[in-house]
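Dear colleague,

My notes on it follow, arranged by topic.

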Amino acid sequence: MERNLQDLNKKIFFYSKKNIALINDILNKFPKKIFDIYFKPEYNLLYQNSDRKSSCFYFQNKEKIFFYPFLLQKIDSEKNYYDITTPYGYGGPISNSADKNFLIEAEDCLNKRLLKLNVVAELIKFHPLIYNHILLKDIYRGKISKVCKTVSLNISKIAEEDLLNKIYSYSNKKSIKKAERNECQIMISRNKDVWNKFISLYELNLKKNKASKKYFFSKKYYKIIKELMGENYYIFSCKFNEEIVSSMIILYNDYYAHCHLIGSNNLARKLSANNLLHHEVIKWCKSKNINKLHFGGGVSNDENDAVYKFKKSFSNETNDFYVGERIINYEKYNELCKRMINMNQQNNKLFKYRKES
């Protein structure tokens, strides 16, 4: 196995079901506080399709490791040019060393590999709980900027009885008690019926909010979660009169848990089912000795965003979310952007040569 890892060293390689064990051998070398579900190959394979390859860069020098998962995406108007981005959620590079010389060496090697692959630009969505933007702070060849805040709860430091008494907002406590009075019940499962109901509720919310197509996932997406992530997910559902009114996928490992996707109907809102659902997820994480639960951010970057405020009713712990934006091939980048200007379709994002989805 070590020989195989050495063969991959200082290279970009593509994920497949065949090399999952090999990649997890790399990740197992990281401390628990750095390693999260978003870096696992099983998670990254969720976002692979005909236009996107789930990929990573691995660089090791003795005991020092630099590891960076990303999606290699074809550029619509070009056959042989690409850009790279973090899959849905959070990620970016991680390292078990803060040695600046080592990080510069790794970043320099990555840049050469990306140029060789005809990568034009890069968007990194750094992990707000791991603070991995700090790794690249002084050496990144692009711009690192703070976008918004996310909400998390350090469960390991809180007694369960303090959740309602000291942590939650007053309105949240009332809502949880209301759901309990209505005899809402929580179910934790991975079975087929729960999956079907979850997908139905999740897509119902997306349609109601007129969400972008990128938030609608294929049957293959859910199939991969079932097949590859069976030890790292559960579906939490809230039932009222035997009907599931609210449902949420939780992704987790030994240290972190994440509220990944959620769906609910109008009745759930009347019953305050989502409040009880999150409360029971927190209690479950506590029972599993998970250190932190990450609720995520809002629908927008506004701190008055309703979804963000709902999450803050469970915790005052916030985290700064950073992104990194880098142009790798300036000549090709400018050519692509100019083409979009001529088509009157330019936007203000880094990947401005792409059509809005």
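The expected span of a helix is 1.5 Å times one less than its number of residues. Helix H11, residues 273-287, has 15 residues, and its first and last C-alpha atoms are 21 Å apart, close to the 21 Å expected at 1.5 Å a residue. Please bear in mind that this is a predicted model.

Helix H11 and what follows

Helix H11 is mostly covered, since 11 of its 15 residues are buried. Among the buried residues are Leu 276, Leu 277, Val 281, Ile 282 and Trp 284. The buried set also includes Asn 274, Asn 275, His 278, His 279 and Cys 285. After H11 comes Asn 289, which has a positive phi near 60°.

Positive phi in two loops

Two further residues deserve a note on their backbone. Lys 62 is not a glycine, yet its phi is positive, near 60°. Lys 62 sits in the loop between strand E2 (52-61) and strand E3 (64-74). With a relative accessible area of 72%, Lys 62 is exposed.

Glu 242 likewise has a positive phi, about 70°, without being a glycine. Its loop runs between strand E9 (233-240) and strand E10 (243-252). Glu 242 has a relative accessible area of 62% and is exposed because the cut-off for that class is over 50%.

Salt bridges

The model contains 17 salt bridges. Which parts of the chain does the pair Asp 320 and Lys 149 tie together? Asp 320 belongs to strand E13 (residues 317-327) and Lys 149 to strand E7 (residues 143-154), so the pair links parts that are 171 residues apart in sequence. The N to O distance in this salt bridge is 2.7 Å. Asp 320 is partly exposed at 24% relative accessibility, and Lys 149 is partly exposed at 24% as well.

Glu 335 and Lys 332 form another salt bridge, with 3.1 Å between the closest N and O atoms. Both residues lie in helix H13 (residues 330-342), and because they are 3 residues apart, about one helical turn separates them. In general, an α-helix has 3.6 residues a turn, so residues three or four places apart point the same way. Glu 335 is partly exposed, with a relative accessible area of 36%, while Lys 332 is buried at 9%.

Beyond these pairs, a network of salt bridges links Lys 17, Lys 223 and Glu 227.

Charge on the surface

Which residues gather in a patch of positive charge on the surface? They are Lys 10, Lys 11, Arg 113 and Lys 116. Of these, Lys 11 lies in strand E1 (residues 11-14). Lys 11 is partly exposed, with a relative accessible area of 43%.

Yours sincerely

Note on methods: Residues are numbered from 1 along each chain as its sequence is written. This is a predicted model: local features need pLDDT of at least 70, side-chain atom pairs count only at pLDDT 80 or more; totals for chains, interfaces and linings use all residues. Side-chain values use heavy atoms; hydrogens and water are left out. Patches are made of residues with over 30% relative accessible area and no salt bridge: like charges are joined within 9 Å, nonpolar side chains (Val, Leu, Ile, Met, Phe, Trp, Tyr) within 5 Å. Accessible areas come from the Shrake-Rupley method with a 1.4 Å probe; for residues, only the protein chains shown count as cover. A salt bridge is a side-chain nitrogen of Lys or Arg within 4 Å of a carboxyl oxygen of Asp or Glu. Lys and Arg count as positive and Asp and Glu as negative; His and the chain ends are not counted. The place of a charge is taken as NZ of Lys, CZ of Arg, CG of Asp or CD of Glu. Helices (H or I, at least four residues) and strands (E, at least two) are DSSP runs, numbered from the N terminus. Buried means under 20% relative accessible area, exposed over 50%, partly exposed in between (1.4 Å probe, protein chains only).
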